[in-house]
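Here is a short report on strand pairing, ring contacts and charge pairs. Read it with the model open.

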Amino acid sequence: MKGIIDRFEGDFAVVEFDGRQIRDIPKSELAPGAKEGDVIFLANGKYQVDLAETLQRKTEISKLTENMWE
């Protein structure tokens, strides 16, 4: 199951899984350097950042918003 870090609140990351389920994940369970908008998945008891999917998601969002403010 993969999720997207929506935001950080105190010692927790608020993560949306499968576009529906919201969970608070302790920052201590995230890979170092994880940030808002990163796609994460659980591996070996720790949440890792899926770099390829995060980049793909950011590229898609950038394309969608490209002409919004012209």
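Start with accessibility: buried means under 20% relative accessible area, exposed over 50%, and partly exposed in between (1.4 Å probe, protein chains only). The model is predicted; local features need pLDDT of at least 70, side-chain atom pairs count only at pLDDT 80 or more, and totals for chains, interfaces and linings use all residues. Residues are numbered from 1 along each chain as its sequence is written, and side-chain values use heavy atoms, with hydrogens and water left out.

**Strands and hairpins**

Helices (H or I, at least four residues) and strands (E, at least two) are DSSP runs, numbered from the N terminus. Two strands pair if DSSP finds at least two bridges between them.

Strand β1 covers residues 2-9 and strand β2 residues 12-17. The two run antiparallel, joined by 6 bridges. Within this pairing, arginine 7 faces valine 14 of β2. The β1-β2 hairpin leaves 2 residues between its strands, and glycine 10 has a positive phi near 60° there.

β2 also pairs with strand β3 (residues 21-26), again in the antiparallel sense, over 6 bridges. Here phenylalanine 17 stands opposite glutamine 21 in β3. The β2-β3 hairpin has 3 residues between its strands. Aspartate 18 sits in that turn with a positive phi of about 50°.

Most residues other than glycine have a negative phi. Asparagine 44 is not a glycine, yet its phi is positive, at about 55°. Asparagine 44 lies in the loop between β4 (39-43) and β5. Its relative accessible area is 84%, so asparagine 44 is exposed.

**Around phenylalanine 17**

Rings of Phe, Tyr and Trp (its six-membered ring) pair if their centres lie within 6.5 Å; planes under 30 degrees apart count as stacked, over 60 as edge-to-face and the rest as tilted. How many aromatic pairs does a search of the whole structure find? The search returns 1. The ring centres of phenylalanine 17 and tyrosine 47 are 6.3 Å apart and the planes meet at 50°, so this pair is tilted. The pair links distant parts of the chain: phenylalanine 17 belongs to β2 and tyrosine 47 to β5 (residues 46-49), 30 residues apart.

A charge sits over a ring if NZ of Lys or CZ of Arg is within 6 Å of the ring centre and within 35 degrees of the ring normal. Arginine 23 lies over the face of phenylalanine 17, 4.4 Å from the ring centre.

**Salt bridges**

Side chains of opposite charge can pair when their charged atoms come close. A salt bridge is a side-chain nitrogen of Lys or Arg within 4 Å of a carboxyl oxygen of Asp or Glu. By this rule there are 5 salt bridges.

| Arginine 7 | Aspartate 6 | 2.3 Å |

Now the accessibility of the tabulated residues. Arginine 7 is partly exposed at 35%. Lysine 35 is partly exposed at 44%, whereas aspartate 38 is buried at 2%.
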